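Welcome, and please open your viewer. We will go from stop to stop, selecting a few residues each time and looking at what is there.

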Amino acid sequence: MNFGKLVLLAVVGMIVLVAMVGLIAHFLSSEAKLERRRRRNNSRLISKSRRPTVKLSVRTKKR
């Protein structure tokens with residue numbers, strides 16, 4: 001492996017690493033967490049039972 005291929009491999013590796021860090025940072029950001037919570041709390045409930053369903057979305061104090 002010559003020096004040119006090694007440099008190219010290092011550059012491609014850095015680009016992939018930056019992309020992975022960006023995706024992970026986006027996934028773990030507070031905005032993404034709030035969006036997932038909003039989607040989960042506002043989603044429709046699907047129940048095959050014939051009884052009434054209750055949806056709870058109460059914020060309680062953390063201990």
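Where is the place of R59? Select R59 and you will find it in the segment after helix 2 (30-41); helices here are DSSP runs of H or I with at least four residues, and strands are E runs of at least two, numbered from the N terminus. Before going on, note that this is a predicted model, in which local features need pLDDT of at least 70 and side-chain atom pairs count only at pLDDT 80 or more, while totals for chains, interfaces and linings use all residues. Residues are numbered from 1 along each chain as its sequence is written, and side-chain values use heavy atoms, with hydrogens and water left out.

Patches are made of residues with over 30% relative accessible area and no salt bridge, joining like charges within 9 Å and nonpolar side chains (Val, Leu, Ile, Met, Phe, Trp, Tyr) within 5 Å. R59 counts as exposed because its relative accessibility is 76%; buried means under 20%, exposed over 50%, and partly exposed in between (1.4 Å probe, protein chains only).

Now select E35, R38 and R39, which are linked in a network of salt bridges. A salt bridge here is a side-chain nitrogen of Lys or Arg within 4 Å of a carboxyl oxygen of Asp or Glu, and the count comes to two.

- R38 and E35: the closest N and O atoms are 2.5 Å apart, and the two residues lie three apart in helix 2, about one turn.
- R39 and E35: the N to O distance is 3.7 Å, with the residues four apart in helix 2, again about one turn.

R38 is partly exposed because its relative accessibility is 42%.

**Stop three: a nonpolar patch**

Finally, select M1, F3, L6, V7, L9, V11 and I15, a nonpolar surface patch with about 780 Å² of accessible area together. Such areas come from the Shrake-Rupley method with a 1.4 Å probe; for residues, only the protein chains shown count as cover.

Zoom in on M1, in the segment before helix 1. Leaving aside neighbours within four places in sequence, M1 is in contact (heavy atoms within 4.5 Å) with L6 and L9. V7, by comparison, is found in helix 1 (residues 3-27).
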